[in-house]
Amino acid sequence: MTLVELGRYSRNEAHIIVGALEAAGIPAVAFDGGASLADGSQFLIPVRVMVDDEDLAEARALIGPA
């Protein structure tokens with residue numbers, strides 16, 4: 001299993017996308033969601049949504065381009 005980046009999104013949007021993918025049976029994870037919480041810039045740093053390389057095409061078909 002190799003994780004690849006589906007796209008970069010706002011923090012809230014990334015977690016919604018992860019939930020939608022998992023509901024469709026595609027395992028996904030949000031990276032960097034907690035970055036910079038201490039200095040208050042957590043909403044300025046994009047969150048990467050990662051999926052297995054074998055699921056990338058199906059995930060893109062469900063979500064569309066970033």
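How many bridges join β1 to strand β3? In this predicted model, the count is six, and the two strands run antiparallel.

Stepping back to the whole chain, the protein has two helices and three strands, and reading along the sequence gives the pattern β-α-β-β-α. The three strands come together as an open sheet, ordered β1-β3-β2, with antiparallel pairing. β1 and β2 (28–31) sit at the edges with a single partner strand each, so one side of each has no neighbour in the sheet. From one strand to the next, the twist averages 30°.

Then there are the helices. Helix α1, residues 11–23, lies across β1, β2 and β3 and runs at about 15° to β3. Helix α2, residues 56–63, packs on the sheet as well, where α2 touches β1 and β3; its direction makes about 20° with that of β1.

As for contacts between residues at least 6 apart in sequence, 68% of them join residues at least 24 apart. Of the 66 residues in the protein, 32% are buried.

Met1, Leu3 and Val29 make a nonpolar surface patch of about 310 Å². Methionine 1 belongs to the segment before β1 (3–9), and methionine 1 counts as exposed because its relative accessibility is 85%, where the cut-off for exposed is over 50%.

Methods. Residues numbered from 1 in each chain as written. Predicted model: local features only at pLDDT ≥ 70, side-chain atom pairs only at ≥ 80, totals over all residues. Heavy atoms only, no water. Patch = residues over 30% accessible without salt bridge, like charges linked within 9 Å, V, L, I, M, F, W, Y side chains within 5 Å. Areas by Shrake-Rupley, 256 points an atom, 1.4 Å probe, with all protein chains shown as cover. Salt bridge = Lys/Arg side-chain N within 4 Å of Asp/Glu carboxyl O. Helix = DSSP H or I, 4+ residues; strand = E, 2+ residues; numbered from the N terminus. Buried < 20%, exposed > 50% of the residue type's maximum accessible area, 1.4 Å probe, protein only. Contact = heavy atoms within 4.5 Å. Pairing = 2+ DSSP bridges. Axes fitted to C-alpha atoms, helices over the stretch in contact; angles between N-to-C directions.
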